[in-house]
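I opened my notebook to look around a protein, one question at a time. Come along and keep the 3D view open.

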There are 2 protein chains.
Amino acid sequence: MAESMGNLRRTHMCGTLRIENENEEVILMGWVQKRRNLGGLIFTDLRDTSGIVQIVFDKDVSEDAFNKADSIRSEYVIAVRGKVQKRQSVNEELPTGEIEVFAEELKILDEAETPPIYIKDDDDVSEAMRLKYRYLDLRKPRMQENLKIRHKTAKVVRDFLDSNNFVEIETPMLSKPTPEGARDYLVPSRVNPGKFYALPQSPQIMKQLLMVSGMDRYYQIVKCFRDEDLRANRQPEFTQIDIEMSFVDIEDVISINEKLIYNIFKEVKGIEIELPIQRMTYKEAMERFGSDKPDLRFGFELRNISDIVKDSEFKVFSGTIENGGEVRGINVDGYADDISKKDIKKLEKFVKTYGAKGLAWIKVTEEGITSPIAKFLKEEELDAIIERMEGKPGDLLLIVADKPSVVFDSLGALRIEVAKRLDVINKDEFKLVWITEFPLFEYDEEEGRYVAKHHPFTHPMDEDIDLLETEPEKVRAKAYDIVINGDEIGGGSIRINNSELQEKMFKALGFTMEEAWDKFGFLLEAFKYGTPPHGGIAYGFDRLIMLLTDSDNIRDVIAFPKTQSATCLLTDAPTNVFEKQLEELHIQLESEDKE
Amino acid sequence: MAESMGNLRRTHMCGTLRIENENEEVILMGWVQKRRNLGGLIFTDLRDTSGIVQIVFDKDVSEDAFNKADSIRSEYVIAVRGKVQKRQSVNEELPTGEIEVFAEELKILDEAETPPIYIKDDDDVSEAMRLKYRYLDLRKPRMQENLKIRHKTAKVVRDFLDSNNFVEIETPMLSKPTPEGARDYLVPSRVNPGKFYALPQSPQIMKQLLMVSGMDRYYQIVKCFRDEDLRANRQPEFTQIDIEMSFVDIEDVISINEKLIYNIFKEVKGIEIELPIQRMTYKEAMERFGSDKPDLRFGFELRNISDIVKDSEFKVFSGTIENGGEVRGINVDGYADDISKKDIKKLEKFVKTYGAKGLAWIKVTEEGITSPIAKFLKEEELDAIIERMEGKPGDLLLIVADKPSVVFDSLGALRIEVAKRLDVINKDEFKLVWITEFPLFEYDEEEGRYVAKHHPFTHPMDEDIDLLETEPEKVRAKAYDIVINGDEIGGGSIRINNSELQEKMFKALGFTMEEAWDKFGFLLEAFKYGTPPHGGIAYGFDRLIMLLTDSDNIRDVIAFPKTQSATCLLTDAPTNVFEKQLEELHIQLESEDKE
């Protein structure tokens, strides 16, 4: 029979009791982690969000409490009044392990059926079960800790931005469908038949409007939505730290964001990162790491050997270059003996998933080299390759020849794959880098035109503006990403605040001004009335928390996440609704004959 | 021609300069509030979010700046480098009025067309224009201030709750349609054909699940959604401060929330409110003020005269009582001379909108009384009424006879209406009161059954539990509202954490357990595994900000609000979407022949 708390009021949290509390009378409340009868006593581990403490029920202290205690089971919710005593056999594994509480009064606040999953971090039940019984899964210390770190990080961000005169401003959730970009989640309007709101993919346009409105410094920690097919570690709704500032150029945005990042690491992880954070141009990142989000915790950097082999008789190399391709490789230096020919076969299979046609390799040993391609190359070519790639005995060189995008993608992925297999990545290390000078455009094969890499309001670098009309592919953007351990945690840009430049930009994108107005009319209208230079950044908050909690799974940092098919196993959302509801919204389900 | 900032970097905000800055070189950036040429000089009021400062362009200081300045107009965005000088004729109205800045360099960062609305607080343009050009409307100092107060209030709330071990946890926006309550905004699922998410009306169930999950103390400042026909000061999306705590009873929730409210008033308004905040039962509030959200800034309290007139020959009174009605009135004490018979006619019309059949009145003068009903009442009845209502010369008694709900509604509204007309409400005063002991149920005439006044998980008062099965209408709830100046700013309750009690509750609501499981299955399932006593509160954040900014219009405290037809005049949301988008969502517009 469950009881009410009556006059009992919690005096302490379970996990906070220490030897200093000896002889104090305390009132604790929480869940029964386990119960065992031993030597005429009943022992219970009592758990609340702060931790665990041992409760002892002793007939000699309270017969009533002892008798009641005999009925309690795992996950019962109880209240205990008792005295803190020094423990005879200290439990070194518990922060409260030096003490225990002798119960003088026990109230059973709620009973519990046997839970379908164990409440412990190393429970290895399926994720589907964890999500269905999320309220039990969240009882695990690790999950509680993750949500607290998430809370704390948000708090640190807000404290920092607030003290730097940023104003948090809420932008609408019921917003306008976007003309470009990812797929929107749509919300049918009841009052405006046939019309739809969209849930925001980001507050990008609204935050720019706030700069037009003179709000000067804006931020928001805000939910965003993309209705895309979910890859691992994506969620249909995700959280962004969104920031925008007026009267700034790149340096101003980077400088204040470095301080923000410094504060996050200091307050949340106790780590003082070095400022300024290293910077690398997009070009350098691609050339050295085959990626615009390089993981700098290990080497295996890319080297270009195209010039060495461009006239080689080995047509796999020289032919590729002739067709506009490149030949680059990485030196897995010092690990040649750890990678067998069989491993190399697997790595070749791996790079093929990135479109590479094959993987050439050269092992450098004290006795010379081993390589299936050695016979096709002149000795001076081989020597030059090894010199360029700084090959020394014990090294393994892995080489890809293909069109540039495939070379970068496959080698960029390969160096990470190799590092993971060799387990050379220090998980406790954080390597931060700003990637700058992104290309303003990328060519969209499907649309047959240049599209904005970031978005069409991104400001070109001043020195490249003249190239907009002549060589748009060469124009670099005032854009920057912050990359930590190979993850893009945030990115942003300086925006165009000048209508002439904006017109040139639209022209380069192949829009007539009419089309541009069609798509972005109200923003262009706003820009007519005095727009300050402005720019900003957005951080993926879920990813940041994954990094700070060392979680591999995005669902471990979200209280109630969705599966990869965008369902909630706990509530069963999405669900069917009543015909009447659809009628009110002026929609109907696709008729069956259409399917 | 717009220029870039070049090397100029803002050194000060316009509104912060004082006589102490005299002779400093400053760089300012902002919008041109106005420009005028006078005596061979050009004067400009430069505005940023902090305020306004006067810039002087003098040919003798910089001919280049002077010449450029001649072209600038209202709302141009400029950067000025110059020296702070003492002003000859001080402008008392501006905080910066003792100084002005003599420009040595001017850059025009963006030009501006003549804005369609004036950038000043007392611009009297239509609200439609203000919403269409919201980015200009937000430039007004008053709107900037409102958004800053909103930000600051959120910050104070978070600081307080964080320091009291509350954890902010984000709950899903794509949630499950609710079985009861207001109309949901629905979001069709692409991946799960024919199914829908709902945008949350509140995180009520999720926050209770967080208590089941042992998170102990939760809060969230969060967007909620209700697709209802919009009355004034309602928005389809609104913001809630949502709070829930474990191992608490009413006193615990009220006590910490009083400290929260104290902090808000202290930090945001500089007002120290008196703690503890006054409490009043629902019953007392209805009897004295005819409302469960009484405005305590003025009197005119209700008095019950039913017992005096129950046997009266005046059938309007006695007949009403015979039929289960009541006769109550308010004494507009001291204002009889300010309210003409014509005014009373208007007030009668007013109470009729609340369903009252009429309004009886008695004026008390030195010479006796004036009243159209005097002739129907015995002298001792009249005397008793006047005594009960504490009538004295100069007072006006206004009386309604009707069924109780009409009497309360009409007199509750009447006392506010009279107070407004007489202008007796002190706008600078804040009167806070907790309303407690709400009825657990209210009778739903339409459904012909009792429904939960708050929600079906609200805990009955312990001493009333026995009445659940016998006299449900008498059961009071562990529910509480915080009312400030007649507005309900927040409300909450202790929840049921015991399945037996929950079953009784469902029974009283007329649900079989099967129906209850159908509606609330996953919450009832969760309650099986050990649920702590818990309770919480939710504040209407927009209303709170209206109160703190003294705004009458909810749209003045939201950056990008919607109209009463739920449209955004700025972005034009909601809009039409492409057929292809609907196809992907497996829905179609209602076919025309159905309309």
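My entries follow, from the whole chain down to single residues.

**Ground rules.** I am working with a predicted model, where local features need pLDDT of at least 70, side-chain atom pairs count only at pLDDT 80 or more, and totals for chains, interfaces and linings use all residues. Residues are numbered from 1 along each chain as its sequence is written, chains are lettered from A and ligands numbered from 1 in the order in which they are written, and side-chain values use heavy atoms, with hydrogens and water left out.

**Chain A as a whole.** I found 16 helices and 23 strands in chain A; these are DSSP runs numbered from the N terminus, helices being H or I with at least four residues and strands E with at least two. The C-alpha atoms of chain A fill a box of roughly 95 × 75 × 60 Å along the principal axes. Of the 595 residues in chain A, 59% are buried (buried is under 20% relative accessible area, exposed over 50%, partly exposed in between, with a 1.4 Å probe and protein chains only). I also looked at contacts (heavy atoms within 4.5 Å): among those between residues at least 6 apart in sequence in chain A, 68% join residues at least 24 apart.

**A:Arg190.** I located A:Arg190 in the loop between β7 (186-188) and β8 (196-198) of chain A. A:Arg190 counts as buried because its relative accessibility is 13%. Beyond neighbours within four places in sequence, its contacts include A:Glu584 and A:His586, and from the other chain B:Arg183 and B:Asp227.

The buried residues of α14(A) pack against α5 (204-212) and α13 (499-508) of chain A, together with β5 (99-110) and α3 (134-137) of chain B.

**An enclosed strand.** Strand β9 (residues 217-225) of chain B is largely enclosed by the rest of the structure, because nine of its nine residues are buried. In a regular strand the side chains alternate between the two faces of the sheet. Here B:Tyr219 and B:Ile221 are among those pointing one way from β9(B), and B:Gln220 and B:Val222 among those pointing the other way. Nine bridges join β9(B) to the antiparallel strand β10 (residues 237-246) of chain B (strands pair if DSSP finds at least two bridges between them). In β10(B), B:Asp242 is the bridge partner of B:Gln220.

**Cysteines.** How many disulfides are there over all chains? I found zero (a disulfide needs two cysteine sulfur atoms within 2.5 Å). The sulfur of B:Cys568 is too far for a bond because the closest cysteine sulfur, in A:Cys224, is 17 Å away.
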